[in-house]
2 protein chains.
Amino acid sequence: MTNAAALAPERTAPRKRDADATRAAILAAAKVHFAKSGYDGAYLRDIAAEAGVDAALINRYFGGKDGLFAAALKDSIRPDAISQWSRENFAHDVAKMMAGHAHQHVERTHAFEFLLQAATNPTTAPLLNLAVQERFMAPIRSWIGGDHVEARARLLASVFIGLLVERLIRDEPLEGSEREIFIERTAALLQSLVDK
Amino acid sequence: MTNAAALAPERTAPRKRDADATRAAILAAAKVHFAKSGYDGAYLRDIAAEAGVDAALINRYFGGKDGLFAAALKDSIRPDAISQWSRENFAHDVAKMMAGHAHQHVERTHAFEFLLQAATNPTTAPLLNLAVQERFMAPIRSWIGGDHVEARARLLASVFIGLLVERLIRDEPLEGSEREIFIERTAALLQSLVDK
DNA sequence: GACCTATGTCATTCCTCGTTGACATTCGCC
DNA sequence: GGCGAATGTCAACGAGGAATGACATAGGTC
């Protein structure tokens, strides 16, 4: 409170008037906060502050906290990535990723944390169910192909999710030979599910 | 609500004076509510009501919501079960369980939901980390034994968690041959991690 | 340039929920 | 039986946060 200069023009130079941009800014901030703190722990005031916006705007644009959450959720499942996975590298790439720190892939980790939050909140869970089925399981099914697609897809998804959760919970990657073995075995495991 | 006799004394027949019993009742109710709604979503008034107790008692016995949560957490990880798993049946038993409905194992499902809630809340996560390492990972390590224990234990835990999460999210079990294949492959996968 | 709407800000209200302290009652003990 | 501590109940407080409506202003349109 000592810097007069900072306060001089101050009065929060009223944001440029660009609805789309502010909407996007709010959404981006919301995703981060929801991921970090969950639905209840994320405060509209904080989100608004981070977006450089008054909290009342959230209500105007998203119709309240629920609406904002739903919008953020919809924006967080990106199925396009799946179809681009390469059949040869997929298993090894994923395995290597899972062996590292969660915060080495901040973007995706945030998205995943966010989804996990949605899964554990009874009001948002149904919403998530649908999204996951349509935008995650379906692409996986069509990507792996072959026999017993259902069983394999489900098992693959489980392993994938489990690796993510485990990495999230305990962010101390393995080192040395244990790390090598972990990558090797994880890759083998995933590959066997992709192959047939 | 038809039984007049039950209502006779009315005025909420002031609970029997048994500190241990009420403590236990509160704890049981708390575990259910925390599992269902998470830390923030679970309300002390609701928990107290379900335990048939005044909310103020929670403060007396557990020193507040935090204390209650910690107590519930501590009570939710039961490592003893792990060491009793049979090496031969483990993989198949788990696989079959995972192929069923989550609500077929209400007790454990609740416990797991509760832990997942703890994992996704920044204030409770550190607490969980510690508990999981000491009371879940450590027993697993010593149970599987053999080479590369670290890597295998971690992978095993991941798969285990993943199966639980997947089952929780999407509670439609597979049917028919897909179910058989799922069980078979899941069992094989688990067994290979246990064996060596 | 005047008007009108979309956009942004501010102050306030309302509600929920954890917590607290005073009060009531039962039980163990002498 | 009377006293004190343990147990249980009740009412009220206060913090915190979402939602609301009135107000301010930029920017396009005629």
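This is a predicted model: local features need pLDDT of at least 70, side-chain atom pairs count only at pLDDT 80 or more; totals for chains, interfaces and linings use all residues.

Biologist: Into which domains is chain A divided, and how far apart do their C-alpha centres lie?

Modeller: Chain A splits into domain 1, residues 19–71, and domain 2, residues 79–194. Between the C-alpha centres of domain 1 and domain 2 of chain A there are 27 Å.

Biologist: How many residues does each domain of chain A bring to the contact?

Modeller: Domain 1 of chain A gives eight residues and domain 2 of chain A gives seven. A contact here means C-beta atoms, placed from the backbone, within 7 Å.

Biologist: Which helices of chain A each supply at least two residues on the domain 1 side?

Modeller: Helix H2 (19–41) and helix H5 (65–74) of chain A. The largest share of that side is from H2(A), with six residues. By class, the domain 1 side that touches domain 2 in chain A has six nonpolar residues, one polar and one charged.

Biologist: Now the two chains. What rotation superposes chain A on chain B?

Modeller: A rotation of 180 degrees, with 0.0 Å of shift along its axis and an RMSD of 0.2 Å. The two copies are therefore related as by a two-fold rotation axis. In chain A, the C-alpha nearest that axis belongs to A:Gly162, at 1.6 Å.

Biologist: Why do we say the copies meet through the same surface?

Modeller: Because 100% of the interface residues of chain A are also interface residues in chain B.

Conventions. Residues are numbered from 1 along each chain as its sequence is written. Chains are lettered from A and ligands numbered from 1 in the order in which they are written. Domain bounds come from an automatic or database domain assignment. Two residues are in contact if their C-beta atoms, placed from the backbone, lie within 7 Å. Helices (H or I, at least four residues) and strands (E, at least two) are DSSP runs, numbered from the N terminus. Ala, Val, Leu, Ile, Met, Phe, Trp, Tyr, Cys and Pro count as nonpolar, Asp, Glu, Lys and Arg as charged, and the others, Gly among them, as polar. Copies are superposed by least squares on the C-alpha atoms of residues with pLDDT of at least 70 in both.
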